[in-house]
Amino acid sequence: MTSKTKLAPITPHQLSIAQEQRLDLFRQIPVNEQGFVLHKLNTHVQQDILNQISNEEIIQLLHYLDIDEETDLFYGKTSS
């Protein structure tokens, strides 16, 4: 009998402090949640992750974001 251990969700805070494991942790997040988590991170951490993932990975995570969130990731967050 094998059982899968369910991992605790990766938080934006973990990605912010775990620089050495940041990319591995980010890739553990389901693709439909990656963009939302990325959007919550500070600009430095966002850019670090975006610079390390492939264009295909970026396209996949953008699929789940709205246009304003996509714009924020690439051009910076704007104040309303």
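I started with helix α3 (residues 31–40) and helix α6 (residues 67–75), which pack at an angle of about 50° with their axes 10 Å apart. That angle makes α3 oblique to α6, because angles under 35 degrees count as roughly parallel, over 145 as roughly antiparallel, 65 to 115 as roughly perpendicular and the rest as oblique. I noted that axes are lines fitted to C-alpha atoms, for helices over the stretch in contact, and that angles run from 0 to 180 degrees between N-to-C directions. Helices here are DSSP runs (H or I, at least four residues), numbered from the N terminus.

This is a predicted model: local features need pLDDT of at least 70, side-chain atom pairs count only at pLDDT 80 or more, and totals for chains, interfaces and linings use all residues. Residues are numbered from 1 along each chain as its sequence is written, and side-chain values use heavy atoms, with hydrogens and water left out.

Next I looked up the contact (heavy atoms within 4.5 Å). F36, L38 and H39 of α3 meet E69, D72 and L73 of α6.

Then I turned to helix α5 (residues 55–62). Its axis comes within 11 Å of that of α6, and the two cross at roughly 145°. I58, L61 and L62 in α5 meet E70, L73 and F74 in α6.

Last, I checked I53. Leaving out residues up to four places away in sequence, I53 touches L23, F26, R27, I58 and L61.
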